[in-house]
Amino acid sequence: MLPDAGLTSPSSAASAALDDQQAIRALALNVAAQITLLAAAEVVSAGLAQMLSAPLALLSRDALSWRFEAHAFTDATSNEALSRLQPSQGLQDPVGQMQDDSGHAWTAIALGALGDRDWALLLPGQSATWVARPGFDQLVEHVSRSLAEVANNDRVEYANRFQRRLHAFARRLARENDTARMHALVLQSVASQVGARTGALATYNPDDDALAIVATLGYPISIVEHLRIRSGEGIIGRVYESGRPLVGDSGMESARRLRYRTDSYMVLPVPAVVKPLAVLALTDRLDGRPFDARDFAAARVMASNAAIAFSRERLRGQLTQLTELATVDSVTGLFNRRYFETRLEAEVERARRQRQDLALLLIDIDDFKRVNDLRGHLEGDRTLREVADLLRAGVRIFDICARYGGEEFVIVMPGASMTVAQQVAERIRMRIERSFNNDFPPVTVSVGIGMLADHTTADELVDIADRALITAKRAGKNIVWTGTANSQGLHRA
């Protein structure tokens with residue numbers, strides 16, 4: 001900048017003023033030509049340091065904190081306090097910090113709201129000294145205008161890029177049906193958007209009444225998969241309990257873990273009406289910057305979108321549980337009678353349509369009342385479960401095993417001929433006899449086989465197997481008996 005005009009001739013002053021105006025315009029054009037905001041900040045700081053013959057720093061501020069963008073020195077000047085500031089370092093009181101470090105006054109000159117941040121110049125000395133300097137206001141105005149152009153372009157480009165990513169993220173979430181892959185997708189997508197190097201996703205586990213980490217980024221999940229985080233414990237637990245996100249500096253609370261490179265962190269809930277569906281923790285921006293308000297806003301929008309997928313997974317799990325309760329017997333883990341009756345009707349229709357065989361095995365534990373009377377009902381339930389396990393192990397993979405009621409079981413065997421049904425029934429009978437041979441009283445089963453005829457209904461097929469089972473009981477128990485649609489066709493297998 002031009003020194004005091006009183007020390008020079010009018011012609012020299014006019015010439016110097018013209019040179020200054022040209023230099024200001026040249027700097028403004030150079031700033032406006034930059035593609036990235038970071039490059040523009042570097043040009044601004046270097047150009048102003050040269051023109052003002054002073055060390056300076058360029059700062060920006062959002063709703064979270066000040067951020068140190070760039071600094072520059074002239075050839076003839078240096079400043080130890082300024083050089084200690086790291087690029088992109090987060091600051092709460094940059095002027096106060098500089099004054100404490102240097103021992104003399106510094107001042108922040110506002111450049112205005114540029115893009116989505118407030119910008120300022122950090123200069124040595126009092127503000128009145130700089131404001132009174134000839135041409136200083138003009139210089140600030142031109143630089144601010146050019147920097148605002150780059151900042152606004154940066155904001156628009158970021159918004160467009162974020163909308164594209166958000167749309168792709170929502171589409172991928174809608175298509176993903178695997179829970180583990182959905183967890184990884186949410187963590188990796190949000191981390192990529194905010195440039196986080198390290199992260200973790202925790203969900204609530206009702207069995208443990210605690211949060212468990214289900215996905216990690218930047219370190220193996222084996223390090224933390226055993227951890228259980230109670231509501232209110234640590235940062236993740238506090239975010240889960242309150243439902244409110246946190247952005248801050250972990251160095252303020254405790255020593256940084258070795259796997260983290262910076263102290264900056266961001267922890268967000270995946271929101272729901274009552275309690276969060278999950279908690280997302282992110283640290284270590286790739287460029288070393290602290291997370292800013294733009295990162296925070298983008299992450300919250302993506303977490304809200306992820307809430308839809310988490311709610312869908314929760315509902316799917318609840319539906320699976322309800323379906324299991326409606327179709328599975330609680331004691332044996334086999335299908336229950338209601339499910340069996342529905343499937344039998346369908347299998348009868350299919351067998352008739354495809355002209356295939358269909359066999360039905362009705363199995364009853366012999367003298368089961370003695371087991372309950374002599375060993376108690378808990379042992380009786382254990383016996384039912386063990387018999388059910390043997391049934392599952394003894395049939396084909398596509399056969400349908402169900403508990404028919406009490407100590408009776410039923411097996412539907414699509415495509416099984418009478419010979420195959422008899423072989424399977426005898427194998428089951430022998431396995432149960434051997435497995436319980438040392439018990440008292442010993443446990444055996446009787447089996448009745450029914451075969452589907454041309455005009456047999458589902459109820460009639462059950463009746464054929466039931467009459468065969470009754471005959472097996474009357475014949476001495478622990479045997480297999482086969483029946484047909486003709487009641488006179490009963491015979492021992």
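Among contacts in the protein between residues at least 6 apart in sequence, 59% join residues at least 24 apart (contact means heavy atoms within 4.5 Å). The model is predicted, so to speak of local features takes pLDDT of at least 70 and side-chain atom pairs count only at pLDDT 80 or more, while totals for chains, interfaces and linings use all residues. Residues are numbered from 1 along each chain as its sequence is written, and side-chain values use heavy atoms, leaving out hydrogens and water.

**Exercise 1: two helices**

Work out how α6 and α9 are arranged, and which residues meet.

*Step 1.* Find α6 at residues 136-175 and α9 at residues 293-327. Helices here are DSSP runs of H or I with at least four residues, strands are runs of E with at least two, and both are numbered from the N terminus.

*Step 2.* Look at the axes: they come within 10 Å and cross at roughly 15 degrees. Each axis is a line fitted to C-alpha atoms over the stretch in contact, and angles run from 0 to 180 degrees between N-to-C directions.

*Step 3.* α6 and α9 are therefore roughly parallel to each other, a label for angles under 35 degrees.

*Step 4.* Now pick out residues that touch. Among them are Tyr158, Phe162 and Leu166 in α6, which has Val301, Met302 and Ala309 of α9 among the residues it meets. By class, this contact has 12 nonpolar, 1 polar and 4 charged residues (Ala, Val, Leu, Ile, Met, Phe, Trp, Tyr, Cys and Pro count as nonpolar, Asp, Glu, Lys and Arg as charged, and the others, Gly among them, as polar).

**Exercise 2: a strand and its partners**

Decide whether β13 is enclosed or open, then find its partners.

*Step 1.* Go to residues 408-414: 7 of the 7 residues are buried, so β13 is largely enclosed by the rest of the structure. Buried means under 20% relative accessible area, with a 1.4 Å probe and protein chains only.

*Step 2.* Check each face. Glu408, Val410, Val412 and Pro414 lie on one side, with Phe409, Ile411 and Met413 on the other.

*Step 3.* Strand β11 (residues 358-365) runs antiparallel to β13, joined by 7 bridges. Strands pair if DSSP finds at least two bridges between them.

*Step 4.* β12 (residues 400-405) also pairs with β13 in the antiparallel sense, over 5 bridges. The two form a hairpin with 2 residues between them, and Gly406 in the turn has a positive phi of about 60 degrees.

Conventions. Angles under 35 degrees count as roughly parallel, over 145 as roughly antiparallel, 65 to 115 as roughly perpendicular and the rest as oblique. Buried means under 20% relative accessible area, exposed over 50%, partly exposed in between (1.4 Å probe, protein chains only).
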